[in-house]
Amino acid sequence: MLGLSVRAGSATLISDVSLSVDAGTWCTVIGPNGAGKTTLVETVAGLRRSSHGTVTLSGESVSAMNERQRALRVAVVPQHPTIPFGMSVHDYVSLGRTAYHGLLRAPSAADRRCVGDVLERLSLTEFAARDVATLSGGERQRMVLARALAQATTVMVLDEPITGLDLRHQIAILELLQNEVRECGLTVLATLHDLTLAGQFADRLVLLDQGRLVLDGPSGEVVRSRELAECYGMELRVIDVDGADVVIPVRH
Amino acid sequence: MIATPPSGRRVVLVVGATLAALVVAMVCGLVIGPTSIATMRVIGDVFSHLGLGHSTLTPTQSEIIWQLRAPRMVLGLLAGAMLAVAGGTYQGVFRNPLADPYLLGVAAGAGLGATIAIVDVGGAVVTPSWTPILAFVGALLAVAVTWAIGGRGLRSSTATLILAGVAVASLFTSAQTFLQQQSSTTSLARVYIWLLGSLASASWSSVTLVLPYVVVCVVICVAAGRALDVMSVGEDESRSLGLPVRRVRLIVIVASSLGTAAIVSAVGLIGFVGIIVPHIVRLLVGTSYRRILPISVAFGAAFLVFADTIARTVLAPSELPLGVVTAIVGAPVFVIILSLRRPMAP
């Protein structure tokens, strides 16, 4: 994306942000609350319009696409997914195939096969007939990820995909995603609050503050940067634990 | 109460029972009335019209069946089917369990139109024969104003639309109240009777008038079931899944409102069918609109014909207003359902 700005009324939510994500890599956007992370990923997903600048996917403008064309290219995992009442897990994941079979036709054999595959890959097969409302937080998040994977897109946008999950489930979700990036060449743009996990799972980190891009670089460099500490307004220490960076805030 | 979505067998059972109820309702609509005619003779007469066997009815009895009861029964089927499917569709598109076909101002608009036709403010009477036309125009006008206020903006949401509907409905209702307050007691009574809804004036001509609207609108609403299922995850998420939310919303609202306006213009304001029938069906077959909407068509049709049979027989030869019967039957059923089910997610 180039020179992206988004306004809501008189407030500028993000201003002149340019970044590009290589296919088959994982880029995570970090920054304090209100930095514009959600706005940025919603704009990339085509759910918001930018006041300036464009988002392109392999040269095609996202805002010029209709909903269906977009859904075939970008899958979205929202921060607070709406869990419908009384729907089975299988039917929920099948919603990811909507753009393929359309609104008037039933899912094809290929659609059903894809949903079956994704359920299996995410160990959800045993839950397929369950009501979505009966799942635990971890299972639910896996189900939302399954719906996005059923879209079989090359790009996935995730807004805080591990919010509210315990440590084990956080790692499980991120590892599933990492596997999709490495094995299937998925391109991921995510937002995360946890700096340690952000650094461990992304190829690249983008630091936003007050709607502006502050820093963009390899994970190891960004977590050690002076700018990161400045944005959060506190001292941060990075410890190397068996080759993995752990970011710790220092309290005075 | 429904831990897992209902099984296929249960759905088949519900569909079978609903269709059976529909057939029984149709027979009741033809057989029950002040002039008693044996059920088998009526059924024999129906078959004779299909070229099977011979009718044993007298010409007067045949006249009663085919010119009085049959058009009334058919109009009841159309009204029940349309109101029920429109209510279910509104509940889906607004993701609001309290939505009914009158949500966007159809009732208030039709009420104002009918009032203008019926009342005699300052000695001026438009003429009661204009009632259906003015009711139809009023209903569509109210929905159009609601849409113009709340449905067009770039980020317009269903919440804005519902609020616009509330505002428009209050405006039209107060205009209607003002006119009624200025009119004579006799015309006021006529407006009141119209507002409560009735199938008493049904004829084949009113059936043919509303039939095309109802058929087209019911087909569109039922076809929208899959889109409404996608919409159950909210507007932003359904857009990200490939649903053209704004277009679907417009098509579905136009179809529901147009069909409802046609029905209201012919039979007045019949309440409760549009809100309770989809809820009863949802309780029986789960939350998928692909099931709720088609089953509501048959269920609503049967329900209204039963209600009308009660309305015209309980106090015969005078009639109870149909809106009163649907509410007397509907309200307790609605309360029972609400106490049985888990709260519906917004």
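Analyst: Two residues count as in contact if their C-beta atoms, placed from the backbone, lie within 7 Å. Helices (H or I, at least four residues) and strands (E, at least two) are DSSP runs, numbered from the N terminus. Residues are numbered from 1 along each chain as its sequence is written, with chains lettered from A and ligands numbered from 1 in written order. The model is predicted: local features need pLDDT of at least 70, side-chain atom pairs count only at pLDDT 80 or more, and totals for chains, interfaces and linings use all residues.

The part to look at is helix α5 of chain B, residues 131-150. Take its contact with α6(B), residues 158-182. The two helices pack at an angle of about 135°, with their axes 8 Å apart. Axes are lines fitted to C-alpha atoms, for helices over the stretch in contact, and angles run from 0 to 180 degrees between N-to-C directions. α5(B) and α6(B) are therefore oblique to each other (under 35 degrees is roughly parallel, over 145 roughly antiparallel, 65 to 115 roughly perpendicular, the rest oblique). From α5(B), the contact uses Ala142(B), Val145(B), Thr146(B), Ile149(B) and Gly150(B). They meet Thr160(B), Leu161(B), Leu163(B), Ala164(B), Gly165(B), Val168(B) and Phe172(B) of α6(B). By class, the contact between α5(B) and α6(B) has 8 nonpolar residues, 4 polar and no charged ones. Here Ala, Val, Leu, Ile, Met, Phe, Trp, Tyr, Cys and Pro are nonpolar, Asp, Glu, Lys and Arg charged, and the others, Gly among them, polar.

Now turn to α11(B), residues 245-267. The axes of α5(B) and α11(B) come within 8 Å and cross at roughly 150°. This pair is therefore roughly antiparallel. On the α5(B) side, the contact is made by Pro132(B), Ala135(B), Phe136(B), Ala139(B), Leu140(B) and Val143(B). α11(B) answers with Ser257(B), Ala261(B), Ala262(B), Val264(B), Ser265(B) and Ala266(B). The class count for α5(B) against α11(B) is 10 nonpolar, 2 polar and no charged residues.

Next, how chain B meets its partner. In chain B, 23 residues are in contact with 24 residues of chain A. Two elements of chain B give two or more residues to this side: α9 (225-231) and α10 (235-240). α10(B) gives the most, with 4 residues. The chain B side divides into 12 nonpolar, 7 polar and 4 charged residues.

Chain A itself has 10 helices and 13 strands. Its C-alpha trace spans about 55 × 40 × 30 Å along the principal axes. Of the contacts in chain A with a separation of 6 or more, 64% join residues 24 or more positions apart. Buried residues make up 42% of its 252 residues (buried means 20 or more other C-beta atoms within 10 Å of a residue's own, exposed 12 or fewer, partly exposed in between).

Helix α1(A), residues 37-44, has 7 of its 8 residues buried, so this helix is largely enclosed by the rest of the structure. The buried ones are Lys37(A), Thr39(A), Leu40(A), Val41(A), Glu42(A), Thr43(A) and Val44(A). Gly46(A) follows α1(A) and has a positive phi, near 80°.

Arg251(A) gives a contrasting case. It lies in the segment after β13(A), residues 244-249. Arg251(A) is exposed, with 6 other C-beta atoms within 10 Å. Between Arg251(A) and Met234(A) there are 17 residues in sequence and 8.1 Å in space, C-alpha to C-alpha.
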